[in-house]
Amino acid sequence: MKKGALIICSCLLTLLFASYTNDQYKPSSLKDAFKNKFYIGVALNLRQIWAKDTAGLAIVKKHFNSIVAENCMKSMNLQPKEGQFQFRDADQFVAFGEQNNMYIIGHTLIWHSQTPRWFFVDEKGNDVSREVLIQRMKSHITTVVSRYKGRVKGWDVVNEAILDDGSYRKSKFYTIIGEDFIRLAFEFAHAADPDAELYYNDFSMSVEGKRNGVVKMVTQLKNQGVKVTGVGMQGHLGLDYPTLGDFEKSIQAFSATGVKVMITELDITVLPNPGQNRGAEVNLNYDYKKAMNPYADGLPKSVEMKLQQRYVDFFRLFLKHQEKISRVTLWGVTDEDSWRNNWPVFGRTDYPLLFDRQFKAKPMVEMIVGISKK
Ligand code: XIL
């Protein structure tokens with residue numbers, strides 16, 4: 001009798017579980033919600049990498065299945081002096097990703113910013129020759145990519161090389177080497193880890209001129225037989241720019257070149273914009289003015305609702321194009337972590353991410369999880 005009851009009970013439980021998983025299953029985390037669609041990633045700072053920010057780490061482990069280092073893999077930090085590499089932080093970052101079974105992204109190999117000064121000059125302070133700069137690029141890329149071969153799955157090989165009008169940024173890499181520096185960087189990275197995914201990454205990617213410039217460059221590289229796996233759209237957005245339509249056009253245009261599309265550095269500022277700045281030039285800075293920091297004591301409900309709508313609209317767009325998009329990465333865990341508090345004006349209080357300063361998921365997280373089922 002007892003045995004019979006047990007069997008009936010377990011059958012009922014199985015039935016209950018089956019119907020729950022079929023009809024009412026609600027993913028409880030972002031990574032579950034997007035599991036068969038795209039990776040959902042996050043940028044880690046040093047406090048997270050070194051496990052000092054335990055509350056932040058709990059969020060990372062629950063919600064994200066891909067990580068990228070916010071700063072510690074930039075050349076300034078990896079090779080502050082020529083030939084003297086410092087891998088402590090980056091090693092720890094990669095170990096954390098492996099321990100937690102995460103898709104690890106390396107950011108970034110070649111970028112005009114956060115590159116040590118020595119990279120471009122000789123001992124007298126004059127620009128080095130084309131040959132020397134190519135050799136330095138090769139040595140940096142080869143050393144870094146080989147170290148994490150098979151472990152870092154994708155690299156932002158070149159960051160921010162195209163301007164809004166589609167022309168090349170006149171960076172030191174460009175002026176000393178010429179546009180070839182991009183092809184060379186991809187080739188060096190490919191040689192060091194033939195299996196790694198290789199990306200071109202940039203901001204303001206929904207601006208028409210930049211969109212066309214990037215499409216042209218990627219097409220050219222592919223025609224030359226260079227491996228380019230994906231294009232990263234940074235996604236440092238505002239409440240009223242860019243339009244969803246422009247962003248969508250870029251997803252479509254990049255995808256049409258035959259590469260994967262990634263949203264690599266998503267955050268949405270709610271703060272007023274000093275000047276006409278719509279991009280993410282890290283070297284651009286404006287003086288602090290109190291009027292430019294309106295929400296230091298809290299975010300009004302009306303603005304919170306706008307932000308929520310904006311995030312939901314963008315995630316709807318990502319879902320619509322899930323076949324083209326392989327990853328969506330948030331540029332930080334909580335609002336407190338965000339670089340937006342200090343850029344382009346130092347010392348403001350912004351609310352650009354999915355988790356608040358108390359480490360709580362904002363209501364929009366539940367909404368984003370909800371729409372993933374539709
Ligand atoms: C930012 C970091 O978030 C800041 O901590 C740092 O001071 C400057 O760089 N585009 C990029 C990122 O590719 O590496 C930048 O990250 C933001 C803009």
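These notebook entries record what I looked up in a predicted model of one protein chain.

**Entry 1. The chain as a whole**

I began with the secondary structure of the protein chain, which comes to 13 helices and 9 strands. I then took the radius of gyration, which is 22 Å; the globule rule gives 21 Å for 374 residues, so the chain is as compact as a globular protein of that length. Along the principal axes, the C-alpha atoms fill a box of roughly 90 × 50 × 40 Å. I noted that 53% of the 374 residues count as buried. Of the contacts with a separation of 6 or more, 78% are between residues 24 or more positions apart.

I turned next to helix H12, residues 301–320, and its packing against helix H13, residues 363–371. The angle between H12 and H13 is about 25 degrees, and their axes are 10 Å apart. Angles under 35 degrees count as roughly parallel, so H12 is roughly parallel to H13. The crossing of these two helices, H12 and H13, is right-handed. On the H12 side I listed Glu 304, Leu 307, Gln 308, Tyr 311, Val 312, Phe 315, Arg 316 and Leu 319; on the H13 side they meet Pro 363, Met 364, Met 367, Ile 368 and Ile 371. Sorted by class, this contact of H12 with H13 has 10 nonpolar, 1 polar and 2 charged residues.

I then examined H12 against helix H11, residues 244–256. The axes of H11 and H12 come within 11 Å and cross at roughly 25 degrees. H11 and H12 are therefore roughly parallel to each other, and their crossing is right-handed. Leu 244, Phe 247, Glu 248 and Ile 251 in H11 meet Asp 313, Phe 314, Leu 317, Phe 318 and Lys 320 in H12. The residues of this contact of H11 with H12 divide into 6 nonpolar, no polar and 3 charged.

**Entry 2. Helices H7 and H9**

I looked up a further helix pair, H7 (residues 130–147) and H9 (residues 180–192). H7 and H9 pack at an angle of about 35 degrees, with axes 9 Å apart, and the crossing of H7 and H9 is right-handed. From H7 the contact includes Arg 130, Ile 134, Met 137 and Lys 138, and from H9 it includes Asp 180, Phe 181, Leu 184 and Ala 185. By class I recorded 10 nonpolar, 2 polar and 3 charged residues for the contact of H7 with H9.

I looked up Asn 201 in strand E5, residues 197–202. Asn 201 is buried, with a relative accessible area of 0%. Its C-alpha atom is separated by 4.9 Å from that of Asn 159, 42 residues apart along the chain. Beyond four places in sequence, Asn 201 touches several residues, among them His 107, Asp 156, Glu 160, Gln 234 and Glu 265.

Met 73 is found in the loop between strand E2 (66–69) and helix H5 (75–78). With a relative accessible area of 1%, Met 73 is buried. I noted that Met 73 and Ile 105 are 32 residues apart in sequence and 9.9 Å apart in space, C-alpha to C-alpha. The contacts of Met 73 beyond four places in sequence include Phe 93, His 107, Thr 108, Tyr 148 and Trp 155.

Arg 169 is found in the loop between strand E4 (154–159) and helix H8 (172–177). Its relative accessibility is 10%, so Arg 169 counts as buried. Apart from neighbours within four places in sequence, its contacts are His 112, Glu 160, Ala 161, Ile 162, Leu 163, Tyr 174, Phe 203 and Glu 281.

**Entry 3. Backbone details**

I checked two cis peptide bonds. One runs from His 107 to Thr 108, with omega near 0 degrees; Thr 108 lies in strand E3, residues 103–111. Another joins Trp 343 and Pro 344, with omega of about 5 degrees. Pro 344 has its place in the loop between strand E9 (325–330) and H13.

I also looked up positive phi values. Asn 101 is not a glycine, yet its phi is positive, about 60 degrees. Asn 101 is placed in the loop between helix H6 (88–99) and E3, and it is exposed, with a relative accessible area of 69%. Gln 114, likewise a residue other than glycine, has a positive phi near 50 degrees. Gln 114 lies in the loop between E3 and H7 and counts as partly exposed, at 22% relative accessibility.

Definitions and conventions. Residues are numbered from 1 along each chain as its sequence is written. This is a predicted model: local features need pLDDT of at least 70, side-chain atom pairs count only at pLDDT 80 or more; totals for chains, interfaces and linings use all residues. Side-chain values use heavy atoms; hydrogens and water are left out. Axes are lines fitted to C-alpha atoms, for helices over the stretch in contact, and angles run from 0 to 180 degrees between N-to-C directions. Helices (H or I, at least four residues) and strands (E, at least two) are DSSP runs, numbered from the N terminus. Angles under 35 degrees count as roughly parallel, over 145 as roughly antiparallel, 65 to 115 as roughly perpendicular and the rest as oblique. A crossing is left-handed if the near helix is turned anticlockwise from the far one by less than a right angle, and right-handed if clockwise. Contact means heavy atoms within 4.5 Å. Ala, Val, Leu, Ile, Met, Phe, Trp, Tyr, Cys and Pro count as nonpolar, Asp, Glu, Lys and Arg as charged, and the others, Gly among them, as polar. The radius of gyration is taken over C-alpha atoms; the globule rule is 2.2 Å times the number of residues to the power 0.38. Buried means under 20% relative accessible area, exposed over 50%, partly exposed in between (1.4 Å probe, protein chains only).
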